Amino acid sequence: YVINASDESLKYPTTWKSSLALDKKFGSGFSFTVEGIYSKNLQALRYIDANLKSPDRTFAGADNRPRFPASGVSGSAAINTARYINGATTNVFVLKNTKEGYAYSFVTKLEKVSEKGLGGFIGYTFSEAFDIQSVGSTVQANMPTAAGQNFLLLSNADEYLQHRIVGFLNYRITYGSRVG
């Protein structure tokens, strides 16, 4: 069986977010915007598996990462006694807080207001986002990593888009007569 628990000092997720933007209007209905946004995790969520044994040796040669106990099963229940501290159960997932993770983005936009005819905008966003774990369920806690499931490293976040270009174009046509 699997146990799911939360750390007794678990706090709601909290993020610091700062932004700075500048808008400049030009003649003929044109405007230009530039914005920078920065976010930092103050209390993010992550899982650890409290039942996993620590590394017991290192690999030899060029790959000298910590090596965890080998897989091995005992008895008819097929519980991995080499990998787990308590062989009577498998995973003991504990939801904890972490301060690891940040994101930033830069946005530019050129816009033309449609007063009499052509209008639209084009915008570009560059962003990067880093975290140690995207917590959607304990499925993420079972993902293999080079450093071990309980020793995650800062890496690209699951839900970010590095480059994005958006825009639209419109043309205003006035037809018919106004009543009134």
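These are my notebook entries on a predicted model of one protein.

**Entry 1, overall make-up.** I looked up the secondary structure before anything else. The protein has zero helices and 12 strands, so I read its order of elements from the N terminus as β-β-β-β-β-β-β-β-β-β-β-β. I then checked burial: 23% of the 180 residues count as buried. The exposed surface comes to about 12,600 Å², with carbon and sulfur atoms supplying 57% of it. For contacts with a separation of 6 or more, I noted that 67% are between residues 24 or more positions apart.

**Entry 2, strand E10 and its partners.** I listed the pairings of E10, which covers residues 118-131. E10 runs antiparallel to strand E9 (residues 102-112), and 11 bridges join the two. Within this pairing, glutamate 111 has phenylalanine 121 as its bridge partner. E9 and E10 make a hairpin with five residues between them. In that turn I found glycine 117 with a positive phi of about 120°.

E10 also runs antiparallel to E12, with nine bridges joining them. With strand E11 (residues 155-156), E10 pairs in the antiparallel sense over two bridges. There, phenylalanine 130 stands opposite asparagine 156.

I counted four aromatic pairs. I followed up one of them, phenylalanine 121 with phenylalanine 168: the ring centres are 5.1 Å apart and the planes are at 80°, so I logged the pair as edge-to-face. Phenylalanine 121 lies in E10 and phenylalanine 168 in strand E12 (residues 163-171), so the pair ties together parts that are 47 residues apart in sequence.

I checked what lies over the face of phenylalanine 121 and found lysine 109, at 5.7 Å from the ring centre. A further case is lysine 112, whose charged end sits over the ring of phenylalanine 30, 5.9 Å from its centre.

Where is asparagine 91 found? I located asparagine 91 in the loop between strand E7 (79-80) and strand E8 (92-98). Its relative accessibility is 7%; because buried means under 20%, I marked asparagine 91 as buried. The side chain of asparagine 91 makes a polar contact with the side chain of aspartate 49, at 2.6 Å.

Methods: Residues are numbered from 1 along each chain as its sequence is written. This is a predicted model: local features need pLDDT of at least 70, side-chain atom pairs count only at pLDDT 80 or more; totals for chains, interfaces and linings use all residues. Side-chain values use heavy atoms; hydrogens and water are left out. Helices (H or I, at least four residues) and strands (E, at least two) are DSSP runs, numbered from the N terminus. Buried means under 20% relative accessible area, exposed over 50%, partly exposed in between (1.4 Å probe, protein chains only). A polar contact is a pair of N or O atoms within 3.5 Å; within protein, one must be able to donate a hydrogen and the other to accept it, and residues adjacent in sequence count only if both atoms are side-chain atoms. Contact means heavy atoms within 4.5 Å. Accessible areas come from the Shrake-Rupley method with a 1.4 Å probe; for residues, only the protein chains shown count as cover. Rings of Phe, Tyr and Trp (its six-membered ring) pair if their centres lie within 6.5 Å; planes under 30 degrees apart count as stacked, over 60 as edge-to-face and the rest as tilted. A charge sits over a ring if NZ of Lys or CZ of Arg is within 6 Å of the ring centre and within 35 degrees of the ring normal. Two strands pair if DSSP finds at least two bridges between them.
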